[in-house]
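Here are my notes on the model, point by point. Please read them with the coordinates open.

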Amino acid sequence: MPTAETASASASATDKTPSKADAEPAKKGDLRGKPAPRADAESLGKQQREISVSEFFSKNRHLLGFDSPKKALLTTVKEAVDNSLDACEEAHILPDITVTITALSKDGGPPPPPAKAERFRVSVRDNGPGIVKEQIPRIFAKLLYGSKFHRLRQSRGQQGIGISAAGMYGQLTTMKPLHVVSKIGPKAKAHSLQILIDTRKNEPIVVKRAELDDWPYERGTEVSIELEGRYQRGRASVDEYIELTTIANPHVSLAYVTPEGERVEYKRGVDELPRAPKEIRPHPYGIELGILHKMLQDTKSHWLSGFLSTDFSRVSPKVAADICEKAGLDPRMHPRKVVGLVSEKLYKAIQDTKLMAPPTDCLSPIGEQAILAGLYKQIRGDFYTAVTRPPAVYRGNPFVIEAGLAFGTGKAAIAAPVEPAAESETVLVAEGETKPGEEEVELARLIRYANRVPLLYQTSACATHKSAIETAWKNYGVGQSRGALPQGPLVIFVHMASAWVPFTSESKEAIADYDEIRKEIKLALQECGRRLGVYIRKREHAKQEFRRRNVFELYIEEVAEACHRLKKGKFDVERLKKQLQRIAEDKTGGEETDRLLAKKKAQEQELPNSIVVTPEGPIGAPEMALQAMGEASAPAAPPPGEPVPAEAIAPSPKKKPSKSSKPSRKRGR
Ligand SMILES: Nc1ncnc2c1ncn2[C@@H]1O[C@H](COP(=O)(O)OP(=O)(O)O)[C@@H](O)[C@H]1O
Ligand SMILES: [Mg+2]
């Protein structure tokens with residue numbers, strides 16, 4: 001395959017040798033050696049040629065998230081799973097997805113252990129609508145080809161560069177074609193294609209094509225890619241991506257076969273698809289002059305006023321007439337004639353006209369109850385809360401911010417408050433948590449999402465991270481150092497839903513820092529923090545009172561026995577004990593303490609959209625969250641010292657998922 005280098009090398013080889021006068025003589029001892037011939041416009045002209053998008057991205061694969069073998073494995077899984085979820089949701093199908101990663105040897109011999117392997121096969125199968133066979137080659141082997149770029153609708157993919165880039169990376173590192181099997185319905189045939197990409201032309205080459213009679217599924221798509229990669233568990237791993245995906249997508253059922261051959265199943269928590277987001281037209285405030293110009297040239301309308309009211313959202317015929325008047329233009333003029341200074345006038349008139357904010361039915365937030373369900377299902381804690389903000393707008397694009405918190409270590413589920421020192425000895429400490437007596441402070445863990453996709457890299461470049469460190473967590477009873485995330489056993493969840501998420505690069509790892517976005521994230525976090533503060537204050541207060549009452553109770557026994565002895569047995573010990581008990585309760589907050597200790601189910605009104613875990617079970621949980629908790633068989637009361645069994649959350653028929661495949665149970669950084 002010729003590359004840009006070979007092309008330019010052959011071009012310069014045909015150049016004339018420059019005259020002696022042109023070339024500077026090489027000085028003695030000059031390490032640069034013989035100077036390169038000086039170029040002129042003609043010689044440069046011979047080298048100038050178009051760069052295909054595939055050539056560009058195969059050289060700059062870091063821009064697409066393929067900068068290291070570990071990240072390449074994650075990005076490949078991510079692109080395929082994101083596409084499967086998008087396709088299922090668009091077709092109104094509850095997604096059933098299987099991800100299989102297999103370690104391979106480089107020479108066809110027996111595969112090495114997964115931790116040592118350098119080559120893998122990633123295979124992702126969905127039960128989605130399938131892809132018509134004519135489109136398969138271009139979808140999987142042509143960069144910038146897709147159904148999502150030209151529309152404004154909330155989806156995981158947006159650039160049309162995801163799965164084809166993964167296929168291209170696989171081809172670049174293993175020379176193996178991408179393999180797709182797709183079937184569009186129970187009566188249709190399954191089509192199997194092996195495809196390579198011609199990076200010079202950015203066009204597909206079909207290597208092998210077949211119709212399968214024995215593909216055992218009704219409908220769906222399976223894509224397999226062989227690539228150079230590295231498999232590691234822990235942070236920013238495939239395991240973490242899958243787990244975080246199931247938190248934000250409780251409507252998904254996902255089976256994950258790890259390179260070690262374990263099968264981890266994440267059951268569907270909610271039997272309802274998210275609300276289907278509508279496609280919208282662009283809002284006039286969000287477009288630049290150049291885009292307006294292009295839209296004027298491309299429109300199907302014949303009148304300027306018609307163009308304004310049909311190609312944009314929130315421009316009624318009356319508003320369109322106002323805009324034309326302001327710009328001093330005839331509403332009946334042909335849009336294509338609006339060029340140069342005239343288009344600038346029009347642009348200014350649009351900006352000066354008061355318009356309604358863009359419609360928000362293009363957004364499909366996760367929702368407070370589903371976030372609660374997801375957090376409760378996957379993360380062990382004592383307190384959970386979730387907030388969905390009303391829609392807001394940046395650069396004419398509507399968006400919604402959602403935030404959630406999971407706080408605590410899950411010990412509230414096992415007993416009434418006890419002295420922390422006593423309990424920490426018996427409780428297993430997950431990797432990354434501080435052991436008793438250790439000084440190291442544990443920082444909150446921030447989990448970030450854009451359109452329900454977990455973002456695992458570039459944390460500090462992300463608007464979510466900036467907002468989280470700018471939130472004054474100390475106001476809510478949580479420690480925080482300057483410029484850092486808060487401390488303690490806390491998981492912070494932030495989601496941005498938008499028809500156009502402003503990522504900082506094509507690899508879609510961090511959300512750009514627009515003021516409007518940061519403000520919304522902070523408002524959502526502040527509301528979550530306020531609720532956390534209420535919970536922490538009440539719990540601390542209750543603990544103190546409970547301790548006092550315990551002290552009283554110790555003495556009640558003694559006092560009653562002493563009185564019994566003094567009265568030489570002529571005394572009702574039990575009655576005195578009861579009376580003293582009542583006094584103790586009154587003095588230590590009585591009913592109030594019980595309630596604060598969450599023994600009474602009255603938390604709902606004080607903490608909306610929150611779950612408080614108590615020894616008797618979770619309280620304040622909205623119905624959907626409860627349903628997601630496995631029809632009341634929630635992991636509310638695990639035996640002391642035991643982490644919540646993973647099966648309670650994601651039953652695994654064969655093997656129990658190992659501890660490290662559950663990274664979200666580990667708290668800390
Ligand atoms: N599993 C799938 N099922 C159905 N359609 C798919 C699937 N994967 C990809 N597609 C289609 O292929 C297009 C290109 O995918 P991709 O390269 O990942 O770009 P993007 O997701 O950004 O549009 C998608 O827009 C979608 O129309
Ligand atoms: Mg995609």
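1. Ligand shell. Asn 83, Ala 87, Gly 146, Gly 157 and Gly 162 come nearest among the 21 residues around ligand 1. A residue belongs here if its C-beta atom, placed from the backbone, lies within 6 Å of the molecule.

2. Basis. This is a predicted model: local features need pLDDT of at least 70, side-chain atom pairs count only at pLDDT 80 or more, and totals for chains, interfaces and linings use all residues. Residues are numbered from 1 along each chain as its sequence is written, while chains are lettered from A and ligands numbered from 1 in the order in which they are written.

3. Who supplies the shell. Helix H4 (69–90) and helix H6 (162–174) each give at least two residues to the shell around ligand 1. H4 gives the most, with four residues. Helices (H or I, at least four residues) and strands (E, at least two) are DSSP runs, numbered from the N terminus.

4. The shell around ligand 1 holds six nonpolar, 12 polar and three charged residues. Ala, Val, Leu, Ile, Met, Phe, Trp, Tyr, Cys and Pro count as nonpolar; Asp, Glu, Lys and Arg count as charged; the others, Gly among them, count as polar.

5. Whole chain. The chain has 19 helices and 16 strands. Of its 669 residues, 42% are buried (20 or more other C-beta atoms within 10 Å of the residue's own, with C-beta atoms placed from the backbone). Among contacts with a separation of 6 or more, 71% join residues 24 or more positions apart. A contact means C-beta atoms, placed from the backbone, within 7 Å.

6. H8 with H11. Helix H8 (residues 289–298) packs on helix H11 (residues 340–352) at about 110 degrees, with the axes 10 Å apart. That makes H8 roughly perpendicular to H11 (65 to 115 degrees). Axes are lines fitted to C-alpha atoms, for helices over the stretch in contact, and angles run from 0 to 180 degrees between N-to-C directions. On the H8 side, Leu 289, Leu 292, His 293 and Leu 296 meet Ser 343, Glu 344 and Tyr 347 in H11. The residues of this contact divide into four nonpolar, two polar and one charged.

7. H9 with H10. Helix H9 (residues 304–311) and helix H10 (residues 317–327) pack at about 130 degrees, axes 9 Å apart. H9 and H10 are therefore oblique to each other. Leu 304, Ser 305, Leu 308 and Ser 309 in H9 meet Pro 317, Ala 320, Ala 321, Ile 323 and Cys 324 in H10. This contact has seven nonpolar, two polar and no charged residues.

Key: Buried ≥ 20, exposed ≤ 12 C-beta atoms within 10 Å, placed from the backbone. Contact = placed C-beta atoms within 7 Å. Parallel < 35°, antiparallel > 145°, perpendicular 65-115°, else oblique.
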